Structure formats: C-alpha cells, structure tokens
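Reader: I am new to this structure. Please show me how to read a few of its features.

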Amino acid sequence: MAAAAFLRLPSASLSLPLQSSRPISPRVTKSLIFKVKASTSVDYSSPSKPISTTNSGSWKWKYGGNSVNIHFERLENGGAGADQPRKDILLVPTISDVSTVEEWRGVAEEIVGRDGGGINWSATIVDWPGLGYSDRPKLDYNADVMERFLVDFVTAPDSPVASFVAVIVFSSVLRWNSFCVVQYVSLRRMGNREVVWPRMGQQISSSKDGRSMADLVSYASQPMEKKGEAGEFKRKKRQIDELNSFYEKLRNNDYVVFGGGHAATVAVKATRKGSLKPQAIAAVAPTWAGPLPIVFGKDSSMETRYGLLRGTLRAPALGWMMYNVLVSNEKSITSQYKSHVYADPENVTPDIIDSRYALTKRKGARYVPAAFLTGMLDPVGSREEFVRLFAGLEGNVPVLVVSATDAPKRSKAEMEALRGAKGVSKFVEVPGALLPQEEYPKVVAEELYRFLLENFESKA
C-alpha cells in the first residue's frame, strides 16, 4: 500500500506514467469493528489537563559508524493526575517525503491533556533518520535500517524512551525522585556494579530524596567483609536486587506505540520478532508498499527501473535537480496533499505547504525518499505477508487498526484486508486519507484514547 508519497513523474520518465497513480498481553479478545464519522459525538473541547510546554530534544543514534542526530519531542501533562501511574506513548510518523513529528502533535496534545482513566499519559514523538528534523546522512536506507532505528530508539541505554520508562518504573514503585532514578539507570547500564554503586552514591547524596538511597549505595559498595550482620546485609541486598529487577522492566512493555503508514507496519514487525515489547499498538492508515511498487509491481524488470531512479536521485548533482523537479516544489506538494494525502482539499493550508516544502530543502533530504518511492523501505513484500504479520500478534498484544474513509483505492484495499483479520483486536474507520492523524487529529485522538481506556483503565 502506498503511503504519503510526493512524486509525480512525467509519463516519459522511466516509462512509469505516474500521473495515473493518484490513488496510490494485556487483554486480547475477539475483534471489534467500528466506523467513525466526523459528525459523531466526539469531544472537541480543549484538553482537560494543562500540558507542559512541549520539550524538543536530540538523541544520537549510532549506526554504521555514523552518529545521527535524531529529533524528538516530549509532551507531559500537569495539574491533577500527576501522582497517578504513568505510561508513555511512542508516536512514529508516516514515512514519506515530508514526514515530520508535526503530524502527530495534535493527537498527542489531545490524549496527554485528558483524564487517562487512572493513568498519567505522556507522549514521545520521534522523527525518522533522514526525515523530519533529524539528520539526513547518505546511508543505504532500507526496511531493516528503519526497523533497527526504531528498536534502538526504544531500547538503547541512552534512549529517551527507556530513560523515561525508568522514571515511570522507579518513581511509581519506590517513590524516589527522578534525579535518583536517572542516575541509577545510566550508571547501572555501565554493567559494572563495583563502579556503578559508589559513583551513584556520590552523585545522588545531595539530592532531595537521595539520602537513604545513597546510604544503601554506599553500604552495597563496601567489600563483603566490611558489611554488617547477615540479616542487615540480606535486607540491603534484597533492595539492590529489587532495583535490578525493576531495571529489567525497561526492556519490556511499559509503553505503547502509535504508528502511521509504513511506521505502523515496521513497529508490528519488530514486535512480532520480540525486538519491541509494547503493551499495545495502534496502526493508523497502515501501509506496506511504496508508491511505485503499489502501482507497477515488483517484478525483475520494474526492480531494474526502480534501481535506476533510486541511483539517479542519490547522485550528487543530477539527483538534486531531479528531486527538485519531481518532489521539492510547492506545486507538487500541494497537488499531492489535495489529491490523496488529505481528504478535504480545503484543509490544505499555505502554512502546511510552506512547512513541508521547507523539509524537502534540508541537506540530504532526497536519500530516504529515493528508497521509499522505489520500495526499499517496504517492511513486507505482499498483502498476504502484511496480514500474517498482524496475525503473529494474536493473543499477545492488543492491536487497533484505524482505516481512513477516503484513502486512495489501492491503499484502502490494504487497510481493508485487516478488517476482521487475526491479530487485529479492534478495527475502526475515521475521516481522512493517508494522514488522518494530521487532518483530523481530534477524531483520531478520540479513537486512540478510547482504545487506551479499554485496555488500561482497569489496571490503574
């Protein structure tokens, strides 16, 4: 299924007449199917809880000898509910020429600002490497690279998601302040307890709630023969073992994932492999095939042509020229948004076009689109494999699929293949095309919020 791609080649180009391609556990039970219209009783009021100012950050992804600056944003609520159990939502943008954290911001604000049914929800939105506001190095981008990135972003020792989950786990169970928790996690991950405990004791000894923890750290770091009575030692050791036990939870499921387009399928694939362990997944307008493969297929002759186009787009001078003509211009972006990215052309504003156009002018902007357009970022190779991927989560992880009423014909067919499919615990339909989460954020947020309540409210 084609995701939000912005390419319109003239018919003579590579003999690919693209002008004609416009439509391009916690609790798992029986599947549920719903249809939502924009006129339904959705709460369009402002978020019920104040949201702190969105914090932007940069995380360095180490890959293939490269250090790639990855842009992410954090949203947390304030006021009532701050003392409730906390969970994090990882929101991953659709892969496209103009992919950006901005497509999920409205949804994140809506959910984080609501009464979470006994849970204090927060959100992390991340830009893919090579897209959005992240660095765009000239890597050999493919589906495996993107999957590797997503897994690393969640599980790496210095990951923003893992660090936040650490705060959730420790502060909610042991009620230590966040500073102590972060110090413990970062130092514990060094892997040498002989070094970790004394250093942590020094760093947290002056913190607000750190005195008893520092005492424990200092005690635990002493040589065995200097420790006190056997009973006292056992008590201290039990506390340390508790900390280590909680640390192991960092790699488990204290978060949920919302993904759009290809991002949803990449997340499902990583979860099925066990590389990611979210408590739930929501796939919004999920896709699996790039714009050219969805239209022209992937036989050997077409693969040769895709390779030619991909190589041309990556070339130093000619690549930029072709990219500017085909993708990086306001007319092309406006045309694509009005034809199949948004359902209602009236929702396509000049500000949106200006913002997306600016993204296409960033250094290295053409490398990921060159891979995406030609199918190199496709997580699977067929509809059958796409459906089997979701089936592999049956009984393990709740999965919500959000289809869009006005998605392009070919894209809609792939979404519909998941209606009632094994592994899909709930299927809903909302207004929109390929980016319903950006065009109708409140409607999409309502469905995602309801999904969270259905699966987590009783666990609070």
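This is a predicted model: local features need pLDDT of at least 70, side-chain atom pairs count only at pLDDT 80 or more; totals for chains, interfaces and linings use all residues.

Reader: How many helices and strands does the chain have?

Author: There are 18 helices, along with nine strands.

Reader: What share of the residues counts as buried?

Author: Of the 460 residues in the chain, 56% are classed as buried.

Reader: How do I read a phi value?

Author: Most residues other than glycine have a negative phi. Ala-285 has a positive phi, near 45°, although Ala-285 is not glycine.

Reader: Where is Ala-285 placed?

Author: Ala-285 lies in the loop that runs between strand S7 (281-284) and helix H9 (291-296).

Reader: Is Ala-285 buried or exposed?

Author: Buried means under 20% relative accessible area. Ala-285 has a relative accessible area of 1%, so Ala-285 is buried.

Reader: Which residues of helix H13 are buried?

Author: In H13, which spans residues 350-359, the buried ones are Ile-352, Ile-353, Ser-355, Arg-356 and Leu-359. These residues are on the same side of H13, because their arc around the axis is only 165°.

Reader: Which exposed residues are on the face turned away from the buried side of H13?

Author: That face carries Pro-350 and Asp-351.

Key:
Residues are numbered from 1 along each chain as its sequence is written. Side-chain values use heavy atoms; hydrogens and water are left out. Helices (H or I, at least four residues) and strands (E, at least two) are DSSP runs, numbered from the N terminus. Buried means under 20% relative accessible area, exposed over 50%, partly exposed in between (1.4 Å probe, protein chains only). The arc is that of the directions from the helix axis to the C-beta atoms.
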